[in-house]
Amino acid sequence: MTTRLYLLPVLHLTDPVYNVPKYLPHRFNPALAGLEGVVWAWVTYLLEDAGLLIADVDDAQHTLLLGKTDVIAVPPLDTTIGNATVRNRIRNILEAASIPADWVAVGMTYRQVVRTVICLFQFHNRAVARLLRRLWDGTINMEMTVSEIPAGTRDRLQETADELGLDYSGVTGSTTLRVLLKGMADQINNLLDPGFFRIDGAGLMLNL
Amino acid sequence: MALPATETFTGTDTTSPPNANWTNKTNGISIQTNGFRGNVSAVNGAFWNADTFNDKHYAKAKAVALAAGNSRGPAIRVQTGAANSLYYCLRDNDGKTYNGELIAGSPTDWDAGLTAPALGTVLELHVDATTATTIIYKEAGVTKATYTGKSALSGGAAGVSAYEAGTTSYGDDWEGGNVAVAGGTILPQMIQQGLYTGGAR
């Protein structure tokens with residue numbers, strides 16, 4: 001068994017209301033055949049459709065997940081993104097989940113990418129907990145500028161930055177949400193103790 | 001009142017919230033068999049309102065009796081304003097304990113669940129003394145899991161959580177308090193009152 005890292009979809013169950021990882025076992029959602037009993041832990045892009053999940057899987061189970069087009073098995077973390085084709089695939093997958101990704105570049109390690117994504121999650125998740133709803137709710141998207149979003153959303157984003165001790169002074173009315181989130185994530189990335197970069201739970205742990 | 005606070009939920013079944021020291025959140029809780037249960041078939045919660053908690057606080061509770069589909073346990077970071085948001089610890093009848101977050105009424109477990117201890121074991125969630133985004137889960141005082149990067153919620157209060165409203169399922173013996181933070185200010189009166197003994201362990 002090996003602890004592996006995946007980016008995979010989140011299912012939003014409605015009866016009962018619960019957010020669960022697609023394919024993995026959950027008490028309210030059966031596992032994909034072959035993945036029963038797999039132990040996992042994750043961090044999610046709160047209320048959105050993606051999560052970074054670690055799972056203790058054998059080779060057959062890993063192959064099962066690899067076969068799913070909506071699951072990304074993250075390569076060994078110190079591997080570098082070797083060419084534009086791979087870079088573009090990563091960008092497309094992240095962007096499809098409303099995770100800003102135009103910053104992903106050839107030569108970056110997967111560790112750098114995952115750390116930045118985790119930091120994006122941190123800012124986003126605190127903001128969502130203040131908004132009490134999804135950020136990307138269909139009326140707001142990453143290309144919108146700060147001046148184009150409702151005042152309440154704008155205020156919650158600034159409050160989130162203030163609460164986390166982040167410098168918001170560079171954000172103006174013409175800043176896109178894509179740039180805003182990445183800027184806040186970069187600040188978090190620089191502030192955090194390396195020990196923060198970890199996914200853990202259920203007896204599993206992966207240092208990022 | 002002074003922290004840590006304790007509660008034994010003594011009273012008449014169905015009383016909700018259990019008494020004036022509790023505020024229902026996200027569906028709320030009721031007294032059941034001199035313990036507590038949820039009010040509806042979903043995640044339920046309530047917080048202790050008689051004290052103000054630090055950002056770094058903890059909650060302990062026992063799951064005493066459980067029927068199928070029911071779970072009971074402590075909760076932390078219960079938001080005291082409009083939000084139906086909290087971090088929950090649900091000891092389920094299926095033999096696992098599920099820790100996770102309820103944000104705006106939408107629950108997400110943080111992992112696949114941990115093998116649960118015997119009914120009656122003290123379950124505890126607490127904020128790490130150093131890192132406010134690290135949440136620690138203990139059973140009978142022993143750390144069983146650490147959850148890093150749980151940044152969605154801050155502040156809030158200690159409380160309880162429950163899944164389902166089964167009347168044969170209840171939790172009990174709650175305690176909530178602040179996490180001792182190393183390096184804090186030592187006031188003269190703390191020494192006079194025996195609250196600080198010079199760091200002896």
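The expected span of a helix is 1.5 Å times one less than its number of residues. Apply that to helix H4 of chain A in this predicted model. H4(A) covers residues 151–163, 13 residues in total, so it should span 18 Å. Its end C-alpha atoms lie 18 Å apart, and the two values agree.

Next, look at what H4(A) hides. Thr153(A), Arg156(A), Leu157(A), Thr160(A) and Ala161(A) are buried. Viewed down the axis of H4(A), these buried residues fall within an arc of 135°, so they line one face of the helix. The face of H4(A) turned away from the buried side carries exposed residues: Ala151(A), Gly152(A), Asp155(A) and Asp162(A). Just after the helix, Gly165(A) takes a positive phi of about 75°.

What covers the buried residues of H4(A)? The cover includes two helices of chain A, H3 (110–131) and H5 (177–191).

These two helices also pack on each other. The axes of H3(A) and H5(A) are 8 Å apart, at an angle of about 110°. Angles of 65 to 115 degrees count as roughly perpendicular, and H3(A) and H5(A) are therefore roughly perpendicular to each other. H3(A) contributes Arg115(A), Thr116(A), Cys119(A), Leu120(A), Gln122(A), Phe123(A) and His124(A) to the contact. From H5(A) come Leu181(A), Met184(A), Ala185(A), Ile188(A) and Asn189(A). By type, the residues of this contact divide into 7 nonpolar, 4 polar and 1 charged.

Terms used. Residues are numbered from 1 along each chain as its sequence is written. Chains are lettered from A and ligands numbered from 1 in the order in which they are written. This is a predicted model: local features need pLDDT of at least 70, side-chain atom pairs count only at pLDDT 80 or more; totals for chains, interfaces and linings use all residues. Helices (H or I, at least four residues) and strands (E, at least two) are DSSP runs, numbered from the N terminus. A residue is buried if 20 or more other C-beta atoms lie within 10 Å of its own, exposed if 12 or fewer, and partly exposed in between; C-beta atoms are placed from the backbone. The arc is that of the directions from the helix axis to the C-beta atoms. Two residues are in contact if their C-beta atoms, placed from the backbone, lie within 7 Å. Axes are lines fitted to C-alpha atoms, for helices over the stretch in contact, and angles run from 0 to 180 degrees between N-to-C directions. Angles under 35 degrees count as roughly parallel, over 145 as roughly antiparallel, 65 to 115 as roughly perpendicular and the rest as oblique. Ala, Val, Leu, Ile, Met, Phe, Trp, Tyr, Cys and Pro count as nonpolar, Asp, Glu, Lys and Arg as charged, and the others, Gly among them, as polar.
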